[in-house]
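Here are my notes on the model you sent over. Have it open while you read, and go through the points in order.

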Amino acid sequence: MTVQSPAAPSPAAAVPVRGRRRLNFGLISAALFMFFVTWSLSWSLFSIWLTQDIGLTPGRSSLVIGANSLGCLVTMPVYGFLQDRLGLRKNLLYWIGALMLLVGPVYIYVYGPLLKSHFALGLVVGSAYLAMAFAVAVATLESYAERLSRFHGFEFGRARMFGSLGWAAATFLAGRLFNIDPDLTFWAASGTAVVFVGLLVAIRVTDGRRAAAVDHAAASVSLADVAALLRYPAFWGLLLFVVAVTATYNTYDAMFPSYFSSLFATDADGNRMYSDLNSVQVFLEAGGMALAPFLVNRLGPKKSLLVSGCIMATRIFLSGIVTDPVAISAVKLLHAVELPIMLIAIFKYVNRHFEPRLSSTIYLIGFQMATQVGAAVISPLAGLGYDRLGYAPTYLVMSALVATFTLVSVFTLRADAKGTHGLPAVGAAEGRSPAAG
């Protein structure tokens, strides 16, 4: 069944619709900013918190990160399917906001004490909470923002840029708060979550006929549609790239703060330097979010994904051969180039090769969930490498893996020229604004 495009609004209605579009762009941008502020305060120094405050070894810290990935595996398909069914409604985002409000008490009174006294139970409780509140929630919020951008006709990357700015601003503060008292970062995160929830409440979609069409298409999403994705070679090609390339890179990046801080004379110096450097990197990343759509539109989603894979392999390789703090700081800044290209390319690849109404499911399962599957397998192996070989030799092995599978993906990612041609149609297509990117 095809959803008919509604008639164009009358001139009298055009002004409020345009005003609401601008307002919603501002609100979703601000919501992304505050979400990333909250997430950064509770996560940007996570591996340092595990090793310095909780007292875990690098190997055990990698087990915690791997367990968090397993928690994501359970949550991602549920969140993805629910958000596709909800369309432009915010029910799931309100649930996420409620969990974010609890971040301070959970870290201070539940998660940290359990990791010290009942490690296995701490793994289970922490992985469930962090997946639902942040690790999967970010993909759900990004997916909602991308859907809203198609509805209103603005580039998702311009809104997502504010998320990077939020992370940068909070990371700059997090290192200083952490050196005073790690608990301060978690209480600050609960405070910023209050603002995030208020911004969510303010977002309204008032173009009733078009919004109803989107919600109607969303309501038609079924588990059969999701299962049908498993029959698409294009879906498996995307999974291979994500599991072998992106997941390996994310595993490397999760423990990079601990390695970085170990290069300095004291932990406090390393923590402060990493916090400052991460802020610079993410500010640059924010600029990349604004510019990346132009590059991705020019190269196409597939070539852009391959470019991001090459940058990932390069950064990991250089981390394995560079030990000078200044040089390793320059290597860290490559993340500001890779992430915007990869994130924008993923959404455009999904919208080019699959039905847009399934975008949340494909993004959370085909990208985010696949990343966590890979991380759940790779993190324990990387942890063994860190403990037995050291960081640098392990990084060289990981860079070879990323480079190899980036080359393989040249043949397994679907060519952009094919679009959805040759793929079975599933249900109604979601209406989109002609101006949407």
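1. First, a term for what follows: helices (H or I, at least four residues) and strands (E, at least two) are DSSP runs, numbered from the N terminus. With that in hand, the protein chain has 18 helices and 0 strands. This is a predicted model, where local features need pLDDT of at least 70 and side-chain atom pairs count only at pLDDT 80 or more, while totals for chains, interfaces and linings use all residues. Residues are numbered from 1 along each chain as its sequence is written, and side-chain values use heavy atoms, with hydrogens and water left out.

2. On burial, the cut-offs are under 20% relative accessible area for buried, over 50% for exposed, and partly exposed in between (1.4 Å probe, protein chains only). Of the 437 residues in the protein chain, 58% are buried. Taking contact to mean heavy atoms within 4.5 Å, residues 24 or more positions apart make up 88% of the chain's contacts with a separation of 6 or more.

3. Now the core. A nonpolar core here is a set of buried Ala, Val, Leu, Ile, Met, Phe, Trp, Tyr and Cys residues joined through side-chain atoms within 4.5 Å. The largest one has 124 residues, and I28, F35 and W49 have the most contacts inside it. Helix α12 (residues 233-262) gives the most to this core, with 13 residues. What does I28 touch, not counting residues up to four places away in sequence? The list is L141, Y144, A145, L148, F154, A159 and I203.

4. Aromatics come next. Rings of Phe, Tyr and Trp (its six-membered ring) pair if their centres lie within 6.5 Å; planes under 30 degrees apart count as stacked, over 60 as edge-to-face and the rest as tilted. The structure holds 32 such pairs. One of them is F46 with W49: the planes sit at 35° and the centres are 5.7 Å apart, so this pair is tilted. Both residues belong to helix α2 (residues 46-54), 3 residues apart, about one turn of the helix. F46 is buried at 2% relative accessible area, and W49 is buried too, at 3%.

5. For an edge-to-face example, look at F235 and W236, with 6.4 Å centre to centre and 75° between the planes. Here F235 is buried at 2% relative accessible area, whereas W236 is partly exposed at 47%. There is also one aromatic cluster to click through, formed by Y249, Y252, F256, Y259, F260, F264, Y274, Y386, Y391 and Y395.

6. Some charges sit over rings, meaning NZ of Lys or CZ of Arg is within 6 Å of the ring centre and within 35 degrees of the ring normal. The charged end of R60 is over the ring of F119, 4.0 Å from its centre. R315 does this with F256, at 4.8 Å from the ring centre.

7. The rule used is a side-chain nitrogen of Lys or Arg within 4 Å of a carboxyl oxygen of Asp or Glu, and the count comes to 5. E146 and R150 make one of them at 2.9 Å, N to O. They both lie in helix α7 (residues 137-152), 4 residues apart, about one turn of the helix. Both E146 and R150 are buried.

8. Which parts of the chain does the E155 and K348 pair link? E155 is in the loop between α7 and α8 (156-180) and K348 is in helix α16 (residues 335-353), 193 residues apart. Their closest N and O atoms are 3.6 Å apart, and both residues are buried. R315 turns up again here, in a salt bridge with D253 (2.9 Å, N to O). R315 lies in helix α14 (residues 301-321) and D253 in helix α12, so this pair ties together parts that are 62 residues apart in sequence. R315 and D253 are both buried.

9. Last, a glycine to look at. G270 is in helix α13 (residues 267-299) and is buried, with 0% relative accessible area. Leaving aside neighbours within four places in sequence, G270 contacts F260, S261 and F264. G270 and G175 are 95 residues apart in sequence, and their C-alpha atoms are 9.5 Å apart in space.
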